[in-house]
Amino acid sequence: MSELLALDGLTKRFGGLTAVNAVSFSLERGEVVGLLGPNGSGKTTVLNMISGFLPPTGGRIALNGEAISGLRPNRIARKGVARTFQLVRALPSLTVAENVVTALAFGRRTLWGKAAHEAAHAHLAAVGLAGRADQPAGALTYIDQKRMELARALAAEPELLLLDEWLAGLNPTELRIGIDLILSLKERGITVLLVEHVMDAIRALCGRAIVMNAGRKIADGPTAETLRDPEVVRAYLGDGHA
Ligand SMILES: Nc1ncnc2c1ncn2[C@@H]1O[C@H](COP(=O)(O)OP(=O)(O)OP(=O)(O)O)[C@@H](O)[C@H]1O
């Protein structure tokens, strides 16, 4: 494996609040890694800095050895980083396929016309939405909105995919489908960093887990071991989960 992403001393301050405090970690190509921690510990802020939605206050981010810290989101997307958001961002009056076509404009290769529609259909098929391509996005069920969001992220042909609580709100049957979809991304060689509170999903998907508390990284290692770490249990899981 080779290193895809490296964070070095990454810091974000909002006025007097240090939301992310000197966080360092790296991701190897092909890894699926969980980024965990209590509410407000800084996880989404880390994703926002990697994807360029927030400029870091300090520290460095490198993708494939190249500094990307502070670049704008569209530049970072073109270098191979895609993300999902905590709240699904869709254009409800457009069709499902059109929603994916709009995302293609922000990817690594800009596609137009027939090529764009063919690529959109391929991404929809990959997430199990082939039959819904021509429906309005606003008519989709919750799990299908999630699938569409994933297809939109895949439209950027990412090397690194950042999932921000993508599995939240799914029922147990849907959760199984969601986990299988993320596993299919891993099989395609996509590196995934997922912020998630669903521990069953973390255990099923992530070989490694990184845990944050109050802006700092407090643990980083094999998932089972990390979830037993006394500091992680105290700060995040509570005794019931241990
Ligand atoms: N744009 C912002 N301006 C000011 N404060 C912010 C901003 N974004 C985040 N924060 C603060 O930074 C801290 C970390 O927030 P963040 O959303 O990164 O946490 P999180 O670990 O993702 O939490 P959750 O699990 O609830 O999503 C919180 O105290 C939050 O209120």
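Predicted model: local features only at pLDDT ≥ 70, side-chain atom pairs only at ≥ 80, totals over all residues.
A nonpolar core is a set of buried Ala, Val, Leu, Ile, Met, Phe, Trp, Tyr and Cys residues joined through C-beta atoms within 7 Å.

**The core and helix H3**

The largest nonpolar core here has 70 residues, and those with the most contacts inside it are Leu35, Val100, Ala151, Leu161 and Val192. Helix H3 gives the largest share of this core, 6 residues. Both domain 1 (1-80 + 158-242) and domain 2 (88-157) contribute residues to the core, so it lies between them.

Leu35 makes a handy entry point: leaving aside residues up to four places away in sequence, Leu35 touches Lys43, Val46, Leu193, Leu194, Val195, Ile210 and Met212.

How many of the residues of helix H3 are buried? The count is 7 of 9 for this helix (residues 96-104), so H3 is largely enclosed by the rest of the structure. Its buried residues are Val96, Ala97, Asn99, Val100, Val101, Ala103 and Leu104. Their cover includes helix H4 (113-126) and helix H5 (142-154).

Around the ligand you will find Phe14, Leu17, Ala19, Gly37, Asn39, Gly40, Ser41, Gly42, Lys43, Thr44 and Thr45. The shell divides by residue class as follows.

| Class | Residues in the shell |
|---|---|
| Nonpolar | 3 residues |
| Polar | 7 residues |

Is helix H1 buried or exposed? In H1, 8 of the 8 residues are buried, so this helix is largely enclosed by the rest of the structure. The buried residues are Lys43, Thr44, Thr45, Val46, Leu47, Asn48, Met49 and Ile50. Just after H1, Gly52 takes a positive phi of about 90 degrees.

Finally, the strands. Strands of a sheet pair through backbone hydrogen bonds, either parallel or antiparallel. In this model, 4 strands form an open sheet in the order S2-S1-S4-S5, with antiparallel pairing. Strand S2 (17-28) and strand S5 (66-67) stand at the edges with a single partner strand each, so one side of each has no neighbour in the sheet.

Strand S1 (residues 3-14) and strand S4 (residues 58-63) pair in the antiparallel sense over 5 bridges. To place this pairing on your screen, look for Leu7, whose bridge partner in S4 is Ile61.

Conventions:
Residues numbered from 1 in each chain as written. Buried ≥ 20, exposed ≤ 12 C-beta atoms within 10 Å, placed from the backbone. Helix = DSSP H or I, 4+ residues; strand = E, 2+ residues; numbered from the N terminus. Contact = placed C-beta atoms within 7 Å. Domains from an automatic or database assignment. Pairing = 2+ DSSP bridges. Near = placed C-beta within 6 Å. Nonpolar A, V, L, I, M, F, W, Y, C, P; charged D, E, K, R; others polar.
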